[in-house]
Amino acid sequence: MCNYSVAHYRRADVNKVEREITVAAEPEDVWRALTDEVLLSEWLAPEVELEAEVGGELYVRSEDGEERWDTVDELEEGRRLAFTWADSSVELSVDAVSDGRTRVRVVETAALPVSDWGPRLTALASACALTLA
Amino acid sequence: MSDAVGPVFAALAHDTRRRVVQTLASGRGATATSLAADLPMTRQAVAKHLAALQRAELVRSARRGRETVYELKPGPLGEAASWLATVGGEWDERLERLGRLFA
């Protein structure tokens, strides 16, 4: 059932993680799991508070007790939710795959550009871009 | 293209090796035996993955008594590998929990 994308290893973006999962549910139900505080607490982190609107606050307390206050950057009802969390931006999107099956895709991008991670990493990124372009 | 960078991506593209990197990133060095206890694989399999990570220059080893201790190499490549493995691992766990909501 799980289908994890490894696309990020084939791209120049070494500061990006991409994952996806396809579940047997309707997009509306999956969207609710992404925007309802009670449901978010079941999977995102043990404690989640979310104002599901652009500029709204997102509070997350993780397993290790770390607390984060973040902001909703973009919200496209039923489709896409983007927020900034710690030093990364996260985008969650929902797509109907087929009847009764829905794909959730997540992209987390570190705020730090690849070039700040040192010349060797930049070399790595451009080498991969060259190879795979 | 530099010869040094090809093996890095090959090393990280493997799911099991990402888990090894992730485990190394969360600790202060580990042996093949301690990694095998933490991960669902044999000591031999761990040793093979550690060798691949070492060839990619993501991991370094040191003798400590009769043991060989492995740790992530400091520096941008190790940091990038550690970030990819840690953040990727966190999302793996979250999406698995999300999947269980609809199982």
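Two strands are taken as paired if DSSP finds at least two bridges between them. Helices (H or I, at least four residues) and strands (E, at least two) are DSSP runs, numbered from the N terminus. The model is predicted: local features need pLDDT of at least 70 and side-chain atom pairs count only at pLDDT 80 or more, whereas totals for chains, interfaces and linings use all residues. Residues are numbered from 1 along each chain as its sequence is written, and chains are lettered from A and ligands numbered from 1 in the order in which they are written.

**View 1. The hairpin of strands 6 and 7 in chain A.** Strand 6 and strand 7 of chain A pair in the antiparallel sense over 10 bridges. Within this pairing, Ala96(A) has Thr102(A) of strand 7 as its bridge partner. Two residues lie between the strands of the hairpin, where Gly100(A) takes a positive phi near 75°.

**View 2. The hairpin of strands 5 and 6 in chain A.** Six bridges join strand 5 to strand 6 of chain A, and the two run antiparallel. Thr84(A) has Ser89(A) in strand 6 as its bridge partner. This hairpin has two residues between its strands, and Ala86(A) in the turn has a positive phi of about 50°.

**View 3. The open sheet of chain A and the helix packed on it.** Chain A contains three helices and seven strands, arranged along the sequence as β-α-α-β-β-β-β-β-β-α. The seven strands form an open sheet in the order 1-7-6-5-4-3-2, with antiparallel pairing. Strand 1 (16–23) and strand 2 (47–50) of chain A stand at the edges with a single partner strand each, so one side of each has no neighbour in the sheet. From one strand to the next, the twist averages 20°. Helix 1 (residues 27–35) of chain A packs on the sheet, touching strand 1, strand 2, strand 5 (80–85), strand 6 and strand 7 (101–110). The direction of helix 1 makes about 165° with that of strand 6 of chain A; axes are lines fitted to C-alpha atoms, for helices over the stretch in contact, and angles run from 0 to 180 degrees between N-to-C directions.

**View 4. The surroundings of Val90(A).** Val90(A) is placed in strand 6 (residues 88–98) of chain A. Val90(A) counts as buried because it has 20 C-beta neighbours inside 10 Å; the class requires 20 or more other C-beta atoms within 10 Å, while 12 or fewer make a residue exposed and counts in between make it partly exposed, with C-beta atoms placed from the backbone. Not counting residues up to four places away in sequence, Val90(A) touches Ala82(A), Phe83(A), Trp85(A), Val106(A) and Glu108(A), a contact being a pair of C-beta atoms, placed from the backbone, within 7 Å. Val90(A) and Glu108(A) are 18 residues apart in sequence and 4.4 Å apart in space, C-alpha to C-alpha.

**View 5. Strands 3 and 4 of chain A with the loop between them.** Strand 3 (residues 57–61) and strand 4 (residues 67–76) of chain A pair in the antiparallel sense over five bridges. Val60(A) stands opposite Arg68(A) in strand 4. Ser62(A) lies in the loop between strand 3 and strand 4 of chain A and counts as partly exposed, with 14 C-beta neighbours inside 10 Å. From Ser62(A) to Glu47(A), 15 residues apart in sequence, the C-alpha to C-alpha separation is 7.0 Å.

**View 6. Helix 4 of chain B.** Chain B has five helices and two strands, which run α-α-α-α-β-β-α from the N terminus on. Helix 4 (residues 43–55) of chain B has 13 residues and reaches 18 Å from its first C-alpha to its last, close to the 18 Å expected at 1.5 Å a residue; the expected span is 1.5 Å times one less than the number of residues. The buried residues of helix 4 of chain B are Val46(B), His49(B), Leu50(B) and Leu53(B). These residues cover an arc of only 105° around the axis, which puts them on the same side of helix 4 of chain B; the arc is that of the directions from the helix axis to the C-beta atoms. Just after helix 4 of chain B, Glu57(B) takes a positive phi of about 60°.

**View 7. The largest nonpolar core.** A nonpolar core is a set of buried Ala, Val, Leu, Ile, Met, Phe, Trp, Tyr and Cys residues joined through C-beta atoms within 7 Å. Of the 45 residues in the largest core, Val104(A), Val21(B), Leu53(B), Leu58(B), Ala81(B) and Leu84(B) touch the most other members. Helix 5 (residues 76–101) of chain B gives the most to this core, with 10 residues. Leaving aside neighbours within four places in sequence, Ala81(B) is in contact with Leu12(B), Val21(B), Leu58(B) and Leu72(B).

Note on methods. Two residues are in contact if their C-beta atoms, placed from the backbone, lie within 7 Å.
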